[in-house]
Amino acid sequence: MQPRLYHMGFRCPLVSRNTLANANEQRDWRIYADFAQTLIAEARALYAHEAFGLALEETVFALDSTVIDLCLALFPWAPYERSKAAVKVHTLLDLRGSIPSYIHISGARTSDVSVLDHLPLQPGAIYVMDRGYIHFKRLYALAQAAVFFVVRARSNMKFRRRYSHPVDTSTGLRSDQTIVLTGADSADDYPAPARRIISSMRSTVVTWPS
């Protein structure tokens, strides 16, 4: 890419690692973030009609996080344990094409659920999460933003059943209920009805909004 080096700020035909590092350090990271979002939008358009195993027209996202270990000597700003450093990468994956549509990097000690405060929301889309993302006040904010989400319920969740919906047991479902939360805090944090679904293969799954 030598013909483009001059326009990128390099004045010599050979670029040393130190020169490249200094150039990247002086550039605003938002340039790369905006460029990545442009590429993501193009990739999502290419895979928009690709089947992914479910007969759904809505966009379906999967949200999860992973911890990446780092050398404490090289990354002293990211302490994790006594002898090592780490960061946590929160990834929102578009299941059509397995495209990462949003990535948030935080300290390794940051709770998973805190990423819900930064998540870009697409009205009408479905967000699938594990029980580590249960925070009823944040989940209610997602429901008010007109998005749907599925999260595995905790075993000690307190609720009251309003009524049951018919289910086809041949699909693996055991029950489908509309519920309201009755916990001391959860009832105030999430005052709307919710959907509680139990399958034969997995533990209880709760979908919001109802």
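## Ring pairs, a helix face and salt bridges

R195 is partly exposed, with 23% relative accessible area (buried means under 20%, exposed over 50%, partly exposed in between, using a 1.4 Å probe and protein chains only). This is a predicted model, where local features need pLDDT of at least 70, side-chain atom pairs count only at pLDDT 80 or more, and totals for chains, interfaces and linings use all residues. Residues are numbered from 1 along each chain as its sequence is written, and side-chain values use heavy atoms, leaving out hydrogens and water.

**Salt bridges**

- There are 6 salt bridges here, counting a side-chain nitrogen of Lys or Arg within 4 Å of a carboxyl oxygen of Asp or Glu.
- One of them joins R195 to D176, at 2.7 Å from N to O.
- That pair links distant parts of the chain, with R195 in strand β9 and D176 in strand β8, 19 residues apart (strands are DSSP runs of E, at least two residues, and helices are runs of H or I, at least four, numbered from the N terminus).
- D176 is buried, at 11% relative accessible area.
- D69 pairs up with K84, their closest N and O atoms being 3.6 Å apart.
- D69 sits in strand β1 and K84 in strand β3, so this bridge ties together parts 15 residues apart in sequence.
- Both ends are partly exposed: D69 at 47% and K84 at 24%.

**Aromatic pairs**

- The whole structure has 3 aromatic pairs, meaning rings of Phe, Tyr or Trp (its six-membered ring) with centres within 6.5 Å; planes under 30 degrees apart are stacked, over 60 edge-to-face, and the rest tilted.
- F75 and W77 have ring centres 5.7 Å apart and planes at 80°, so they meet edge-to-face.
- F75 is partly exposed at 27%, while W77 is exposed at 60%.
- Y140 and Y190 are edge-to-face too, because their planes are at 70°, with centres 5.2 Å apart.
- Y140 lies in helix α4 and Y190 in the loop between α5 and β9, so the pair ties together parts 50 residues apart in sequence.
- Y190 is buried at 1%, whereas Y140 is partly exposed at 24%.

**Helix α4**

- Its buried residues are F136, L139, L142 and A143.
- Looking down the axis of α4, these fall within an arc of 110°, so they line one face; the arc uses directions from the helix axis to the C-beta atoms.
- K137 and Q144 are exposed on the other side of α4.
- Cover for the buried residues of α4 includes β5, β6, β8, α5 and β10, where contact means heavy atoms within 4.5 Å.
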